[in-house]
Amino acid sequence: MTALRPVPRPGVLDIEAYVPGKSSAPGVAKVFKLSSNETPLGPSPRAIAAYKACAGNLEDYPDGSASELREAIGRSFGLDPERIVCGSGSDDLLHLLAHAYLVDGDEAIYTTHGFLIYPIVTLGVGAKPVVAPEKDLTADVDAILAAVTEKTKVVFLANPNNPTGTCLAFDEVKRLHRGLPGNVLLVLDAAYAEYVRRNDYEAGIELVATSDNVVMCRTFSKIHGLAALRLGWMFGPAHVVDAVNRIRGPFNITSPALAAGVAAIEDVEHQERSREHNTRWLDWLMAEIGKLGLKVTPSVANFVLIHFPQTKGRTAKEADAFLTARGLILRQTTAYKLPNALRLTVGTEEANRLVVAALKEFLARPA
Ligand SMILES: Cc1ncc(COP(=O)(O)O)c(C=O)c1O
């Protein structure tokens, strides 16, 4: 008798499951987790209070339309709340967009070192992830456009990109959009937008507002410090918002997340403090690590990509072990096709200084 068993749709078993950054260092008393691009300042105290205030009403379903949160986001960015959808993290929205716009055999383009969720959501719906080469660890508009075929339905662009920390200027994003056929959805994933200080950068609001095939995804996990609550949002054309709303979970955001999200987006001072901390320490880390003789990819986000030599005793893998033994946890980037690098999230002053001191010690050892 043939043993029958359920078989997942084509593509699912080709997925390399996402491996989150490590969070522990066995045997080390004090651990600094610098592997997931979380904020060292934590969330706004007002967001924590709003979260706690929900404890008395856990029996009630949340507001499935997330109206208050969409209105608060709308007020802070000058956007029509009807054009906003909230998700359980921006990961949720990326999955929903793939579900809504890709079918078996379609193609979705992302870039060589692009965020790893893109191939996962693409394969998950039976579509084909197509990799467009980058230039200098930065998305290359010409290469993306060259990869477009009749089967292309979505282009995922993380801007800034994780794990490289590089970004495309708004003119380049506009050039990319101009070159895409109107039936291709351009997903601008701006998870780190708040940290960017370049004045030629725009997260995507203007392009979404003026076109029919662009969406911008944002997250509360980074500058707002609410990664544990899983909260993201997207701004898109009315027809895309309609499609996503039809397939999302009717209560996809919990009440504590909705309440904390409203408080977080309204606490502009806290965001400003987080941005200032990041600006100061991002620049410091890039300079100090550079002085040690390691190459650092110039970053506009809240993390830096550090490149290590392939010499025995000096490799990224060995550096990772050395740092982990001291409680300093960075992110390995082999899955991002960057086996000789480690990604370091900007941490507290204490963590940043410890990382630089430990790297100095690592490089000074006999190889
Ligand atoms: C580029 C990019 N997009 C999206 C996300 C996912 O964020 P969220 O926590 O909102 O799912 C991340 C998180 O690391 C990211 O780096």
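Strand β10, residues 303-307, and strand β13, residues 341-345, are joined by five bridges and run antiparallel. To place yourself along that pair, find Phe303, which stands opposite Thr345 in β13. Keep in mind throughout that this is a predicted model.

These two strands belong to an open sheet of four, in the order β9-β10-β13-β12, with antiparallel pairing. At the edges are β9, residues 295-297, and β12, residues 331-332, each of which pairs on one side only.

What lies across this sheet? Helix α10, residues 268-291, lies across β9, β10 and β13. Its direction is at about 10° to β10.

Helix α10 also has a helix partner. In general, two packed helices are described by the angle between their axes and the distance between the axes. For α10 and α12, the axes come within 11 Å and cross at roughly 5°. Angles under 35 degrees count as roughly parallel, so α10 is roughly parallel to α12. On the α10 side, the residues in contact are His277, Trp281, Trp284, Leu285, Glu288 and Ile289. They meet Glu349, Asn352, Arg353, Val356 and Leu359 in α12. By type, the residues of this contact are six nonpolar, two polar and three charged.

One more helix in this part: α11, residues 316-324. Which residues of α11 are buried? They are Ala316, Ala319, Asp320, Phe322, Leu323 and Thr324. Their cover includes β11, residues 328-329, along with β12, β13 and α12, residues 349-364.

Now the other sheet. Seven strands form an open sheet in the order β2-β8-β7-β6-β5-β3-β4, and here the pairing is mixed. From one strand to the next, the twist averages 25°.

Within that sheet, look at β6, residues 185-189, and β7, residues 214-219. Four bridges join β6 to β7, and the two run parallel. Leu188 stands opposite Met216 in β7. Helix α6, residues 170-179, packs on the sheet and touches β5, residues 152-158, as well as β6 and β7. The direction of α6 makes about 160° with that of β6.

Helix α2 is the last stop. It lies across β2, β7 and β8, residues 232-235, and runs at about 125° to β2. Which residues are buried in α2? Leu69, Arg70, Ala72, Ile73 and Gly74 are. Note that Arg70 is on that list. What covers the buried residues of α2 includes β2, β8 and α9.

How do α2 and α9 cross? The axes of α2, residues 67-77, and α9, residues 255-266, come within 9 Å and cross at roughly 15°. That angle makes α2 roughly parallel to α9. The crossing of α2 and α9 is left-handed. From α2, Glu68, Leu69, Ala72, Ile73, Arg75, Ser76 and Phe77 take part in the contact. From α9, the residues are Leu258, Gly261, Val262, Ile265 and Glu266. Sorted by type, the contact of α2 with α9 has seven nonpolar, two polar and three charged residues. An α-helix has 3.6 residues a turn, so residues three or four places apart point the same way. Look at the structure with that spacing in mind.

After α2 comes Gly78, whose phi is positive, near 70°.

How values were computed: Residues numbered from 1 in each chain as written. Predicted model: local features only at pLDDT ≥ 70, side-chain atom pairs only at ≥ 80, totals over all residues. Heavy atoms only, no water. Axes fitted to C-alpha atoms, helices over the stretch in contact; angles between N-to-C directions. Parallel < 35°, antiparallel > 145°, perpendicular 65-115°, else oblique. Left-handed = near helix turned anticlockwise from the far one by under 90°. Contact = heavy atoms within 4.5 Å. Nonpolar A, V, L, I, M, F, W, Y, C, P; charged D, E, K, R; others polar. Pairing = 2+ DSSP bridges. Buried < 20%, exposed > 50% of the residue type's maximum accessible area, 1.4 Å probe, protein only.
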